[in-house]
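Trainee: I would like to go through this structure one question at a time. Please show it first.

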Amino acid sequence: MEQRGRKTWLERTQWLAFVTTVVLLGFSGASAQIRYSISEEVKEGTVVGNLGKDLGIDLNILKERGFRIVSGSGDNLFMVNENDGLLYVNRKIDREEVCEDSTVCLINLKTVLENPLEVHYVAIEVLDINDHSPIFPEQEKRLEISESALPGARYQLQDARDPDGGTNSVQQYKLSPNNHFRLEVKDRGRNGKTPILLLQRPLDRETRNHHRLTLTAVDGGKPPKTGTVDIFIDVLDLNDNIPVFSKDTYSTVLRENSPVGTTIIQVNATDLDDGSNGEVVYSFGSNVKSKVREIFDINSVTGEIIVKGQVDYEIQDTYDIDIEASDQGSVPFRTDKNVIIKIEDVNDNTPEIEVTSLSGAISEDSRPGTTVALISITDLDSGLNGKILSHVAESSPFIITPSIQDNMFAVVTKSQLDREGQSQYDITIIAKDAGEPALTSEKTMRVVVSDVNDNSPEFSLSPYTFYVNENNAPGASVFSVKAFDRDDGDNAVVSYHIQRDGGDHIKLTSFLNINQDTGDVLGLKSFDFEVLKKFHFQVVAKDSGTPPLSSNVTVNVYILDQNDNAPVILYPVNANGTAEGVEEIPRNVNAGHLVTKVRAYDADIGYNGWLLYSLQEVSDHSLFALDRYTGQIRTLRSFTETDEAEHKLVILVKDNGNVSLSATATVNVKVVEPKEAFAASDVKSVSKDEDDNNMTFYLIITLGSVSTLFIFSIIVLIIMQCSKSTDYSSKHLQETNYDGTLCHSIQYRSGDRRYMLVGPRMSIGSTIVPGSNGNTLVVPDRRRASGEVRKTHQGIHGFWNCFVVVYGLFED
């Protein structure tokens with residue numbers, strides 16, 4: 001019957017492993033605590049509870065969020081299934097092994113869910129089963145009691161030990177029936193119950209010299225378990241006084257970590273007997289555990305209790321030690337006394353920092369207050385010695401905030417992060433207790449700041465200005481732009497394209513292309529300085545972030561002239577277009593007579609358009625000379641009768657480019673007799689007079705015009721410099737092909753008169769209107785007044801050159 005009841009009880013106990021009590025102690029978004037209870041000795045794999053369900057977490061995302069046990073006093077005793085959230089026993093639990101000398105066996109676990117970060121606390125109470133019987137330290141106990149012992153004498157016996165806890169531990173003692181002794185049980189709180197043998201009747205050695213008793217210890221299990229010890233009592237002859245302690249109670253306070261040899265307290269007992277019967281010696285009681293004997297010792301003669309080993313408040317804060325005083329009689333008397341030693345805590349434990357969970361990376365756009373890590377800070381000391389103050393070292397965008405659970409803290413952001421300013425942080429947590437002196441510990445953890453696309457590409461220059469030679473090779477790179485992005489990864493990968501927004505700009509950008517990866521700008525066709533001198537366009541740089549960010553830059557391109565235009569002969573030119581003409585002069589002309597003037601122009605500018613004249617071929621070097629700068633052909637001497645009547649002059653016109661280009665003109669000079677040219681000379685004389693008068697008039701007009709235009713240009717230039725804005729419009733950049741650096745003159749005939757046009761180099765497309773005045777140049781109406789003003793300094797230079805040419809003509 002008893003065995004069947006015990007089996008029923010075991011089945012109920014094992015059923016407790018599956019039917020657990022879930023108590024929700026606290027739940028607030030980021031953390032909660034759940035309590036289960038389970039019996040010891042249950043099989044491996046026994047389910048403790050559905051932790052995922054009790055926490056209210058969707059079971060489908062448990063594995064995704066990394067549900068796991070991170071720490072705790074029993075982290076190897078239990079496992080959690082991240083697929084279904086079940087908490088189960090990992091190995092058989094022996095409560096007496098896990099929670100030695102504890103009334104309530106409570107195992108605390110910490111569980112963590114990642115993404116987002118959550119910590120939950122699980123308390124598992126291991127319920128005791130009565131799987132141990134009480135055991136006495138010895139199988140038998142011998143006592144020597146004098147026959148003179150008076151009724152009421154007390155003899156302390158050894159406690160029985162039962163590893164079980166609570167009601168399953170030793171609850172009572174029973175003494176076998178006898179006529180001389182009874183049992184008294186002393187309750188010592190957490191130190192258990194101590195049996196004391198009490199003498200009821202005097203012993204008579206002559207009647208019976210020894211007694212045998214059986215002491216039984218009974219626990220509170222159902223059914224109860226017992227343990228026994230045999231007590232053998234030898235009755236001895238007279239020693240009629242027992243030692244008596246001087247105090248009823250002994251109590252003292254001892255600082256932990258006191259050095260070995262420190263005297264804690266001294267007990268004192270006296271015996272009224274003489275000789276050896278009155279000589280008292282001291283010892284620990286038989287119930288004092290071996291661990292206590294390793295820490296403390298007692299001087300058998302003086303009764304001083306001294307420190308023998310390491311005293312640690314965190315292991316045990318109070319010791320209740322039995323002290324025996326015994327005389328040295330042949331039949332010694334013993335008496336016992338309790339000494340209570342309270343351990344005083346000192347600040348000998350530094351705070352311990354444990355990183356429970358840490359986010360490997362945090363986005364730079366995280367809002368202030370974002371949790372980076374969960375940490376646990378504990379101090380084994382008590383009172384102020386265990387009070388912890390913690391903070392983040394140095395200036396850092398992180399702070400520590402307390403959690404709802406004691407000693408749990410969260411490391412959160414306190415300000416906005418910027419990866420471009422700092423891409424990672426080594427966060428040092430400093431924990432300091434309030435002891436005296438204070439103890440400090442540190443823990444460093446690394447947090448990486450992940451990038452978001454918050455920076456637009458930046459060009460190395462703004463605006464860009466490039467100078468490109470004309471006649472570039474089509475399809476080749478002419479220049480390059482470069483932008484960089486302070487972001488990381490794809491957010492920093494920059495691509496380029498040319499902004500084509502229609503209008504006039506699309507005509508210019510249609511012959512440009514850009515490598516979207518490198519920023520190299522390619523010219524799809526050759527530039528022609530004589531057609532286009534400068535232009536600008538926009539390049540857009542865009543990153544690969546989501547959403548992408550972009551920026552643009554203005555690129556100003558100036559075309560540099562190359563010597564790609566050969567001189568063009570304006571005079572002489574015959575009807576079929578060849579550069580060849582005939583000049584007739586009287587034979588009687590004097591030395592220095594102007595035969596004619598070769599006129600040419602070059603579409604290039606600067607040295608590339610500066611022309612020099614030379615005689616490449618002449619029939620008689622002594623007759624004719626050529627001015628290398630003006631192209632005038634003059635006689636060097638008077639003609640003689642022996643001189644030929646016809647002379648052929650081949651003039652080479654060459655520019656001053658690095659690789660010179662040239663053209664040739666042929667002048668055939670016919671020498672005629674004066675009488676043959678008389679009629680013409682009369683006409684020419686009149687014309688010459690008129691021409692001289694006209695030339696003087698033209699010169700005066702030209703000089704006045706130049707002076708007036710010079711003054712007007714200076715005034716306009718000053719006004720423009722004072723009022724111009726920084727936004728240079730590009731609408732005038734391509735309209736003019738005039739550089740103003742050289743001057744050209746053109747002669748033409750109208751009827752019997754010869755006219756000379758003097759002025760700066762003409763634009764391609766300009767036309768000469770016969771019958772106009774000397775330096776009249778009619779230009780198509782595409783130039784605006786603003787286009788004229790923007791080249792004032794070139795105009796001044798051009799008109800000055802013209803003045804020099806006109807002056808030379810006037811001399812002629």
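Trainee: With which residue does D451 form a salt bridge?

Mentor: This is a predicted model, in which local features need pLDDT of at least 70 and side-chain atom pairs count only at pLDDT 80 or more, while totals for chains, interfaces and linings use all residues. Residues are numbered from 1 along each chain as its sequence is written, and side-chain values use heavy atoms, with hydrogens and water left out. A salt bridge is a side-chain nitrogen of Lys or Arg within 4 Å of a carboxyl oxygen of Asp or Glu. The closest N and O atoms of the pair are 2.9 Å apart, and the partner of D451 is R419.

Trainee: How many residues apart are D451 and R419?

Mentor: Strands (E, at least two residues) and helices (H or I, at least four) are DSSP runs, numbered from the N terminus. D451 sits in the loop between strand 32 (440-450) and strand 33 (458-459), and R419 sits in the loop between strand 30 (408-413) and strand 31 (424-433). The pair links distant parts of the chain, and the separation is 32 residues.

Trainee: Why does R419 count as buried?

Mentor: Buried means under 20% relative accessible area, exposed means over 50%, and partly exposed lies in between (1.4 Å probe, protein chains only). D451 is buried because its relative accessible area is 19%. R419 is buried because its relative accessible area is 13%.

Trainee: Which residue meets R35 in a salt bridge?

Mentor: Side chains of opposite charge can pair when their charged atoms come close. Here the N to O distance is 3.3 Å. R35 lies in strand 2 (residues 31-39) and its partner lies in strand 8 (residues 118-127), 90 residues apart. That partner is E125.

Trainee: Is E125 buried or partly exposed?

Mentor: R35 has 26% relative accessibility, so R35 counts as partly exposed. E125 has a relative accessible area of 21%, so E125 is partly exposed.

Trainee: What is the relative accessible area of R587, which meets E673 in a salt bridge?

Mentor: R587 is in the loop between strand 43 (580-586) and strand 44 (594-597), and E673 is in the loop between strand 50 (662-672) and helix 6. E673 is partly exposed, at 30%. R587 is buried, and its relative accessible area is 10%.

Trainee: How many salt bridges does the structure hold?

Mentor: Some of them share partners: R188, D320 and D322 are joined in this way into one network. For the structure, the number is 16.

Trainee: Which residue in strand 40 stands opposite Y496?

Mentor: Two strands pair if DSSP finds at least two bridges between them. Strand 37 and strand 40 pair in the antiparallel sense over five bridges. Opposite Y496 stands A541.

Trainee: Which residues touch the most other members of the largest nonpolar core?

Mentor: A nonpolar core is a set of buried Ala, Val, Leu, Ile, Met, Phe, Trp, Tyr and Cys residues joined through side-chain atoms within 4.5 Å. The largest one has 27 residues. Among the elements that give two or more residues to this core are strand 40 (534-543) and strand 41 (550-560). The residues asked for are F535, F537 and V555.

Trainee: How far apart in space are S37 and L106?

Mentor: S37 is found in strand 2, and S37 is buried, with a relative accessible area of 15%. S37 and L106 are 69 residues apart in sequence. From C-alpha to C-alpha, the distance in space is 8.9 Å.

Trainee: How many strands are there in the protein chain?

Mentor: Buried residues make up 42% of the 812 residues in the protein chain. The chain has eight helices, and the number of strands is 52.
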